[in-house]
Amino acid sequence: MAFSAAFSLSCTPQSRLLPAQKSQPLAPTTSFLKPQVTKKVLCSPLRHEGVSPIGKNPNRFSGRVKASMDNKNVEVLSKEHLAVSLAKYVADRSNKITKEKGSFTVVLSCGSLIKYLKKLAEPPHLNSIDWSKWQVFLVDERVVPKDHIDSNYKLAYDGFLCKVPIPNGNIYTIDDALPAEGAADVYETTLRRLVKSNVIALSSASGFPKFDLTLLGMGADGHVASLFPGHPLLKENQKWVTFIKDSPEPPPQRITFTLPVINSSSNIAMVVTGAGKADAVYTALEKDDSYDKLPAQLVSPEGELKWFLDKGAASKLYKL
Ligand SMILES: O=C(O)[C@H](O)[C@@H](O)[C@H](O)[C@H](O)COP(=O)(O)O
């Protein structure tokens, strides 16, 4: 089969059965954040939930800090808490949607996102999620062999997928024997077949496939999937999956879901960490009216959009 559900790869089969790692106690690193008053602040006053003062200093808190910007759903957390909160968010949706429709279609981007999924592979989520109902897709993939260091599949498999009991046949990867055009066409054909067989829903609003949950990272330039700022692919509105041969970030050849497919999702979580992304986060969350929008600003799902940020990524939103 050209479009393979691949498990022929580097992670040893035994690793699927390894007991989950013992979770580390959470470090009390998150400080109480004050709204920035020196520039236009679109966020309502910060709410802090479940936090408690550290020692005698009333301005230092452990736990999580929540912000709500207009209607935007944003959580600012320490990296460790981010992984905990993201796992709960994914598990809640998995449990609810699996109960409702008997399956859960999940789209993953790669990069640093994968390491923040680690808590899903630990109790209680490891045992409470019905992994057999997961159908997993990659929002973009580099056109390299699946065992290549640049392969998104390899990253996702080694970092997450091989640690949870998702059936081999439910993970959809590119045909790495094909050039970029062919790999994109075959991936789209597979999505169309899965829509026909009701594995993937179709959005009645857009006519594009409607995944239950899309988990996205964002580059420092504001790119999502392999949709880069100013690139003509951002305007693609017919294809479901397309290709790029001049990616500004290596490797140059990739396939990617198009924006209408991403935006047809029922739920999207943007998971962004690091101070190097603070400018793009600021633009994406606070500059609704900019003319030349960043790809991340164009992410607007039919359902819910939630941002998970660490303090570094949120540092232009608030004065720390
Ligand atoms: O293939 C890719 O390059 C990824 O899918 C890409 O879209 C990634 O998600 C972002 O670049 C963020 O990556 P980081 O979180 O590692 O910065």
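I started with residues 1-68, where pLDDT stays under 50 and the model has 119 contacts beyond four places in sequence. Where pLDDT is low, the predicted coordinates should not be read in detail. I note here that the whole model is predicted.

Next I looked up the overall confidence. The protein chain has a mean pLDDT of 82, and 77% of its residues reach 70 or more. For the complex, the predictor gives an ipTM of 0.97 and a pTM of 0.82.

**The chain as a whole**

I went through the secondary structure and found 6 helices and 16 strands in the protein chain. Of its 320 residues, 41% count as buried. I also looked at contacts between residues at least 6 apart in sequence: 74% of them join residues at least 24 apart.

**Strand β11**

I then turned to β11, which covers residues 213-216. Leu213 and Leu215 point one way from this strand, Thr214 and Leu216 point the other way, and all are buried.

Which strands pair with β11? One is β5 (residues 104-108), which pairs with β11 in the parallel sense over 3 bridges. Leu108 has Leu215 as its bridge partner in β11. Another is β14 (residues 267-272), which runs parallel to β11 and is joined to it by 3 bridges. Here I noted that Thr214 has Ile268 as its bridge partner in β14.

**Helix α6**

In α6 (residues 278-286), I found Ala280, Val281, Ala284 and Leu285 buried. Seen down the axis of α6, the buried residues fall within an arc of 120°, so they line one face of the helix.

**Val143**

Last, I looked at a loop residue. Val143 sits in the loop between β7 (140-142) and α3 (152-159). Is Val143 buried or exposed? I counted 26 other C-beta atoms within 10 Å of Val143. The cut-off for buried is 20 or more, so Val143 is buried.

What does Val143 touch, leaving out residues up to four places away in sequence? I found Pro179, Ala180, Ala183, Gln253, Arg254 and Ile255. For Gln253 I also took the distance: Val143 and Gln253 are 110 residues apart in sequence, and their C-alpha atoms are 5.5 Å apart in space.

Methods: Residues numbered from 1 in each chain as written. Predicted model: local features only at pLDDT ≥ 70, side-chain atom pairs only at ≥ 80, totals over all residues. Buried ≥ 20, exposed ≤ 12 C-beta atoms within 10 Å, placed from the backbone. Helix = DSSP H or I, 4+ residues; strand = E, 2+ residues; numbered from the N terminus. Pairing = 2+ DSSP bridges. Contact = placed C-beta atoms within 7 Å. pLDDT = per-residue confidence, 0-100. Arc of directions from axis to C-beta.
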